[in-house]
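Hi,

Here is the structure I promised to pass on. Have a look at it first, and then read on for what turned up.

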Amino acid sequence: MKILRSILSDDLPRSRWLTLVLLAILIGLAVAPFAFPGAKSLNVAARICVFIVLAASFDLLLGYTGIVSFAHTMFFGIGAYGVAIALTKLGASWTSVAIGVGSGLALAIVLAVLIGLFSLRLRTIFFAMITLAVASAFAILASQLSDITGGEDGLNYRLPELLRPSFRPWEGMTGRLIDYYIVYGVSLALVLGLLRIVNSPFGSVLMAIRENPFRAEAIGYRTVVYRTLASCIAAAAAALAGALLALWSAQASPDTTLSFDIMVDILLMVVIGGMGTIYGPAIGAVVLVLAQNYLQALLGDRWLLWLGVAFILCVYFFPTGIVGRLRRR
Amino acid sequence: MKRDYLPLLLIPALAAAAFPLVGSWSSWVTLSVAGLAMGLMIFIMASGLTLTFGLMDVLNFGHGAFIAIGAFVAASVMLALGTWMGADSLWLNLAAIGLAILAAMAVSGGLGLAFERVIVRPVYGQHLKQILVTTGGLIVAEQLLKLIWAPDQITLTRPAALRGAILLGDVAIEKYRLLAMAVGLVVFAALTLTLARTRIGLLIRAGVENGEMVESLGYRIRRLFVGVFVVGSALAGLGGAMWGLYQETITAAIGAQVIVLVFIVIIIGGLGSVGGCFVGAILVGLTANYIGFLAPKVALGSNILLMALILLWRPQGLYPVAKR
């Protein structure tokens, strides 16, 4: 119990139902390759892992620091393209993966610092607008510079040999499975890392800034520094999520990494799941990715309309989302 | 109050700086006119947004939806009036466009009223929720657009009288750009005159300075705000209609494309300032056209750079609104 407490950074689910749901996600994803065989369900499971990280890192900004960034997909895309470009240009080796992840992370953090210093000094509404502008410029740039990024079509490349479907070290084990468990393990570690950050003294300062930036400043915390740091951490986590996606899907394109639709998805995940809880966005990510892959046929084209309505209702009536509802019982 | 003309000087400075780079006189004039026309269209769309922000501290991320709706309504009306549009008379063409624009403004203004009541009103004073809820409104509105007008794009052709260019010596100026400039200047003049010379304008300016004071003097600033919101939405519809006719193809993503430029403009101008919005819009339009000519691949990036440079010079934008 004590170990569990320290793994979860003393931030327990605090609700029986929430615990059950989280356990179901944790175990379900762990056994997904065996419980739900098939290429599609494995793909869905991997996407869920990636989006859990992406949504949880966005929650660090939206839920804990109280700032809205529309550039989260940009950092996601930087991570994905970092790995994709390195694997395309330098060949399918682990060194190129490391170079790709490293340069993607570095670029994401530098950009996050720049945007933060430019816009977080003033008001958070500036940040929202500037991130939107920068992110869309970046998306257009990525589709224009087709020599490097492959343009609208994106990049298709070979993964290191260990991760290829054709790699079969023994019966029943394939490169795909190894790849999946890398994605799963890294995602889990990143989510636990984020949980650690929001429950640290640093996280408390972020929440103080969210509640009352003026008072936080008066107590002696430089809000600009803390907000910029938070946006750097979130950007780094998003870039890592992007790198995971690139390592999984062996392709990167503007549609799958940079588009505004993905930004909308992340917003929906975080708000519907529950802002400021880390667990909420994880649940939101599971719900949304499952719905996208299996319910879309059922609900037809209008499902995004209903999700949009649900989103608005959530902001008004259940600002703490699914997790807030579960915890209230 | 001392007038601050420095930002205004940026416009000729930018145009002059671009001249040696562009090289030829005729393409420089063509580009400048194109930039002014584009800037004025963006100004039409951005003015409403910056006013609502100045007056009530509400930033509507769903503003792009009104732009898109304006474009779609105008396109539908123009398609329905196909015979007028195809006619050989300039006046019939202009009448069709005028009707289309009126319809666009009416529909987006009406939607603005509903949007204010349902979406914005419950979240006054809460920025985070405003951003979230208006983004939600944008998602819903965009889906509704796709539902009504089907997901594919509408292609519009401009009427014969507004196609092609006027030749002045060796300088070619597209006719439609002149119309866009005229409409933009009329909107700017009407807005400035209303703000500077009428009672309503006085109240709006007072409201921007200090809303509580205006309220305590017995004016219902809420009602004023609803009015400004509706006018702002209608202007977005007007701008969307003009933009759609300029691009000649209309997709559901039109709002999302333009809103980025609109945001850059109101950040450059200073949130809440109409004059700043005007200067910012022209700067953005000119930059987009010059850079689009010199290095097409980085056109939108150049606007971000412009924004960054201006924020380095004046962190609150060109004409910061005093209290914020």
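**A strand with two faces**

Buried here means under 20% relative accessible area, exposed over 50% and partly exposed in between, with a 1.4 Å probe and protein chains only. Strands are DSSP runs of E with at least two residues, helices are runs of H or I with at least four, and both are numbered from the N terminus.

Before going further: this is a predicted model, in which local features need pLDDT of at least 70 and side-chain atom pairs count only at pLDDT 80 or more, while totals for chains, interfaces and linings use all residues. Residues are numbered from 1 along each chain as its sequence is written, chains are lettered from A and ligands numbered from 1 in the order in which they are written, and side-chain values use heavy atoms, with hydrogens and water left out.

The partner of β3(B) is strand β2(B) (residues 165-168), and the two pair in the antiparallel sense over four bridges; pairing requires at least two DSSP bridges between the strands. Val171(B) is the bridge partner of Leu168(B). The two strands form a hairpin with two residues between them, and Gly169(B) in the turn has a positive phi of about 65°.

Ser9(A) has a positive phi of about 55°; it sits in the loop between α1 (2-7) and α2 (16-35) of chain A and is buried, at 10% relative accessible area. Glu248(B) has a positive phi of about 70°. Its place is the loop between α10 (221-247) and β4 (249-250) of chain B, and at 23% relative accessibility Glu248(B) is partly exposed.

**A histidine touching both chains**

His127(B) belongs to helix α6 (residues 127-149) of chain B and is buried, with a relative accessible area of 17%. Leaving aside residues up to four places away in sequence, His127(B) touches Arg123(A), Ile125(A) and Asp57(B), where a contact means heavy atoms within 4.5 Å.

**Chain A as a whole**

Chain A has 16 helices and two strands. Of its 329 residues, 56% count as buried. The C-alpha trace spans about 60 × 45 × 45 Å along its principal axes.

Best wishes
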